[in-house]
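Biologist: Could you walk me through this one before I set anything up?
Modeller: Gladly, and I will give each cut-off as it comes up.

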Amino acid sequence: MADVTTEQVWGELAKRPFVVVGTTTAHGEARTAGVLPHVADGVVWFTTYARMWKARHIAANPHVSVTAPVHRRVWFAPWVRVPDATITFRGTAELVPAERMPREALDALTHGLDLTEDGPDGPLVGVAVRPVGDFVTYGIGVPVMAMTDPARAAGRVSTGTPAERFTPAAA
């Protein structure tokens, strides 16, 4: 089993430009969507619009999964194809009005654009995903060549409990 730490996984997760979020529809059907994340204070943030299907699914069922691909390659032979390493966890998602998001997360996700007017799918909302349980990893904290051995490449570590959690301000 890979020797990986909670801090190492959070650090790797914070560098990811893309993650896949799994939701469940009101009818119990699984759905996934790629999103652009921002990690802050033990929360994975992304934005969507209030009437988009991601927001509707989360409103109906806040239990989600997140998978972050981590590109790996053989540095001395970049033409050799290596599967991505992964970080996966389950979490609880919360819809947060954009104006109540932490400023750092909002600025990082909107790049300073003024999004005060509603879009065609309603107002912009933040989604705060708080991990629950463990990170399940593959290929994190091991050399690329160790990824050919599932027993060495697989890892599991607690998501940890950050001392300070985000709580949206009262409306």
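Modeller: A contact, as I use the word, means heavy atoms within 4.5 Å, while helices (H or I, at least four residues) and strands (E, at least two) are DSSP runs numbered from the N terminus. This is a predicted model, in which local features need pLDDT of at least 70 and side-chain atom pairs count only at pLDDT 80 or more, whereas totals for chains, interfaces and linings use all residues. Residues are numbered from 1 along each chain as its sequence is written, and side-chain values use heavy atoms, with hydrogens and water left out.

Biologist: What is the mean pLDDT of the protein?
Modeller: The mean is 88, and 92% of the residues reach 70 or more, pLDDT being the predictor's confidence in each residue, from 0 to 100. Over residues 162–171 the pLDDT is below 50, and this stretch has 19 contacts in the model beyond near neighbours in sequence.

Biologist: Which residues of helix 2 are buried?
Modeller: In helix 2, residues 53–60, they are Lys 54, Ala 55, His 57 and Ile 58, where buried means under 20% relative accessible area, exposed over 50%, and partly exposed in between, with a 1.4 Å probe and protein chains only. Seen down the helix axis, these buried residues fall within an arc of 165°, so they line one face of helix 2; the arc is that of the directions from the helix axis to the C-beta atoms.

Biologist: And what covers them?
Modeller: The cover of those buried residues includes strand 1 (19–24), strand 2 (30–35), strand 4 (43–49), strand 5 (63–70), strand 6 (85–97) and strand 7 (124–138).

Biologist: Switching topic, how many salt bridges are there?
Modeller: The count comes to six, taking a salt bridge as a side-chain nitrogen of Lys or Arg within 4 Å of a carboxyl oxygen of Asp or Glu. One of them joins Glu 94 and Arg 130 at 3.0 Å, N to O. Because Glu 94 lies in strand 6 and Arg 130 in strand 7, the pair ties together parts that are 36 residues apart in sequence.

Biologist: Is Arg 130 buried or exposed?
Modeller: Arg 130 is buried, at 16% relative accessible area, whereas Glu 94 is partly exposed at 29%.

Biologist: Which residue forms a salt bridge with Arg 103?
Modeller: That is Asp 107, with the closest N and O atoms 3.3 Å apart; both residues lie in helix 3 (residues 103–110), four residues apart, about one turn of the helix. Arg 103 counts as exposed at 55% relative accessibility, and Asp 107 is partly exposed at 33%.
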